Amino acid sequence: MCGIAGIIDFNKKSTLEILKECTDILVHRGPDGSDYEFLETDTAQIGLGHRRLSIIDLSTAASQPMWYKDYCIIFNGEIYNYEEIKKNLQELGHHFKTHSDTEVILHAWEQWGQQMLHHFIGMFVIVIYDKNAHKIFIARDRAG
């Protein structure tokens, strides 16, 4: 399992260094890499951190935080039926750059919004930041 960390700071007193500390303490959950996204909006600072345990797509293209259009995701877990969902999304006109379930989640978000959860079979926690809508979506699997 990977490790994720996040910050939503309406007082705007956080830093990238704080996000890195929060994320890097999870190195035991994801020794294969790490990355961070620290954003400033008019109303808040948003930090998304990820420690990677490479399982499905071992390429760096599948690293997180991952952007697709105006959506940024950090994700921990596994979507067991992601290949089936990917095929469905491809039939709807979506094109993919990786073989990761993370990218499938982003496309599913674009296609179905939060209703995407009804398509997923797996164990997961998902955080998606929508840059244009200035919203954060957070969800976990039903048993989580």
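Biologist: Where is Met123 found?
Modeller: Met123 sits in strand β6, which covers residues 122-130. Keep in mind that we're looking at a predicted model.

Biologist: Is Met123 buried, exposed or partly exposed?
Modeller: Met123 is partly exposed, at a relative accessible area of 35%.

Biologist: How many bridges hold the pairing of β4 and β5?
Modeller: Three, in the antiparallel sense, with β5 spanning residues 71-79. As one spot to look at, Trp67 stands opposite Cys72 in β5.

Biologist: What about the loop between β4 and β5, which residue is found there?
Modeller: Lys69 is one of the residues in that loop. Its phi is near 55 degrees, which is positive although Lys69 isn't a glycine. Lys69 counts as exposed, at 56% relative accessibility.

Biologist: Which other residue has a phi near 55 degrees?
Modeller: Lys12, again a positive value in a residue other than glycine. Lys12 lies in the loop between β1 (3-9) and α1 (16-24). With a relative accessible area of 33%, Lys12 is partly exposed.

Biologist: Switching topic: how many bridges pair β2 with β3?
Modeller: Eight, in the antiparallel sense, and β2 takes in residues 33-40. Within that pair, Tyr36 stands opposite Gly49 in β3. A hairpin of four residues joins β2 to β3.

Biologist: How far is Thr41 from His134?
Modeller: They're 93 residues apart in sequence, while their C-alpha atoms are 8.1 Å apart in space.

Biologist: Now β3 itself. What does the side chain of His50 contact?
Modeller: His50 lies in strand β3, and its side chain makes a polar contact with the side chain of Gln64 at 3.4 Å. The side chain of His50 also reaches the backbone oxygen of Phe75, at 3.3 Å. His50 is buried, with a relative accessible area of 1%.

Biologist: What kind of peptide bond joins Gln64 and Pro65?
Modeller: A cis one, with omega at about -5 degrees. Pro65 is in the loop between β3 and β4.

Biologist: Last one: where is Arg52, and what does its side chain contact?
Modeller: Arg52 belongs to strand β3, residues 45-52. Its side chain makes a polar contact with the side chain of Ser63, at 3.4 Å. Arg52 is buried, with a relative accessible area of 9%.

Notes:
Residues are numbered from 1 along each chain as its sequence is written. This is a predicted model: local features need pLDDT of at least 70, side-chain atom pairs count only at pLDDT 80 or more; totals for chains, interfaces and linings use all residues. Side-chain values use heavy atoms; hydrogens and water are left out. Helices (H or I, at least four residues) and strands (E, at least two) are DSSP runs, numbered from the N terminus. Buried means under 20% relative accessible area, exposed over 50%, partly exposed in between (1.4 Å probe, protein chains only). A polar contact is a pair of N or O atoms within 3.5 Å; within protein, one must be able to donate a hydrogen and the other to accept it, and residues adjacent in sequence count only if both atoms are side-chain atoms. Two strands pair if DSSP finds at least two bridges between them.
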